[in-house]
Amino acid sequence: MAGFLRLLLGMALLPACWGVSRAFFDAIIVAAGATGWMSAEALSLLGGILAFSLAWLALSHPVRLYVLGHELTHAMWGLLFGARPSDVRVSASGGSVRLSKSNLLITLAPYFFPFYTFVVIVVALITYAFIRPLPCLPLWMFLVGFTWAFHALFTLETLTQRQPDVKLYGRIFSWVFIFLVNILIILVWLATMTPLAFADLWHLLLQRTCDAYVGVGWFAWQAVVWLKGRFASH
């Protein structure tokens, strides 16, 4: 029964995926219009994304490094929710970590939480605590882009395979949840790092999500009207 309800919830959230995606592109346009989007930091961020993407295509994939981050993310989110992690195992074929308890966020965290990007940001914040302004900001932005591309490409590859984490909560619900949280994290980051205000971001999300559900409702109503007309004609 729980699996069926999660399936229904996942399907009900599909229009939200479209709305959040539109809000994402709107937010980029707003941020770009305010900053020109061609600052050294922005170019460095895009350069980091491009650099890892090219490395992904040209070189062998660092699977062990991804698996390590994957299991450490489970462990870290487990600690946040009071679980006791132990027995972390990492290999090229997969990994595991024992946790005293689990939940949705702990299970799916590696698919929406960019572990190595988090490490870069924490190191940057520690550096900033001692050295102000933060030195070599374009380099930090490059590392953020590089590690985020690492997370995004490995997540896409992993989700094409059979994953017990994803199967546990149902593929449809898990995919939708992972997509929404990934996009929302990027949007929050944009609002933090660019002149895009959180109020504007909230307005974009609310407007685009409402538009998506209104559109679905309109198509559903048109389908009902068409079916009534077909049956009435007989």
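At what angle do helix α1 (residues 2-12) and α9 pack? I began with this pair and then moved through the rest of the model.

**Entry 1: ground rules**

I noted that this is a predicted model, in which local features need pLDDT of at least 70, side-chain atom pairs count only at pLDDT 80 or more, and totals for chains, interfaces and linings use all residues. Residues are numbered from 1 along each chain as its sequence is written, and side-chain values use heavy atoms, with hydrogens and water left out.

**Entry 2: α1 and α9**

I found that α1 and α9 pack at an angle of about 40 degrees, with their axes 7 Å apart. Axes here are lines fitted to C-alpha atoms, for helices over the stretch in contact, and angles run from 0 to 180 degrees between N-to-C directions. That makes α1 oblique to α9. Angles under 35 degrees count as roughly parallel, over 145 as roughly antiparallel, 65 to 115 as roughly perpendicular, and the rest as oblique. The crossing of α1 and α9 is left-handed, a term for a near helix turned anticlockwise from the far one by less than a right angle (right-handed if clockwise). I listed the residues that meet: R6, L7, L9, G10 and M11 in α1, and I172, F173 and V176 in α9. Contact means heavy atoms within 4.5 Å.

**Entry 3: the whole protein**

I counted ten helices and two strands. Helices (H or I, at least four residues) and strands (E, at least two) are DSSP runs, numbered from the N terminus. From the N terminus on, the order of elements is α-α-α-α-β-β-α-α-α-α-α-α. The C-alpha trace spans about 75 × 45 × 40 Å along its principal axes. Of the 234 residues, 36% are buried; buried means under 20% relative accessible area, exposed over 50%, and partly exposed in between (1.4 Å probe, protein chains only).

**Entry 4: cores**

I looked up the largest nonpolar core and found 23 residues, with Y111 and F112 having the most contacts inside it. Such a core is a set of buried Ala, Val, Leu, Ile, Met, Phe, Trp, Tyr and Cys residues joined through side-chain atoms within 4.5 Å. The largest share of this core, five residues, comes from α5. Leaving out residues up to four places away in sequence, F112 touches W77, L105, H151, F177, I178, V181, N182 and I185. I also noted a second, separate core of 16 residues, with V20, A23, A27 and L196 among them.

**Entry 5: α6 and α7**

I checked the span of α6, which has 16 residues and reaches 23 Å from its first C-alpha to its last, close to the 22 Å expected at 1.5 Å a residue. The expected span is 1.5 Å times one less than the number of residues. The buried residues of α6 pack against α4 (63-80) and α7 (137-159). The axes of α6 and α7 come within 8 Å and cross at roughly 160 degrees. That makes α6 roughly antiparallel to α7. This crossing, too, is left-handed.

**Entry 6: V120**

Is V120 buried or exposed? I found V120 in helix α6 (residues 115-130), where V120 is buried, with a relative accessible area of 12%. Not counting residues up to four places away in sequence, V120 touches W140, L143, V144 and T147. The C-alpha atoms of V120 and M141 are separated by 9.3 Å, and the two residues are 21 apart along the chain.
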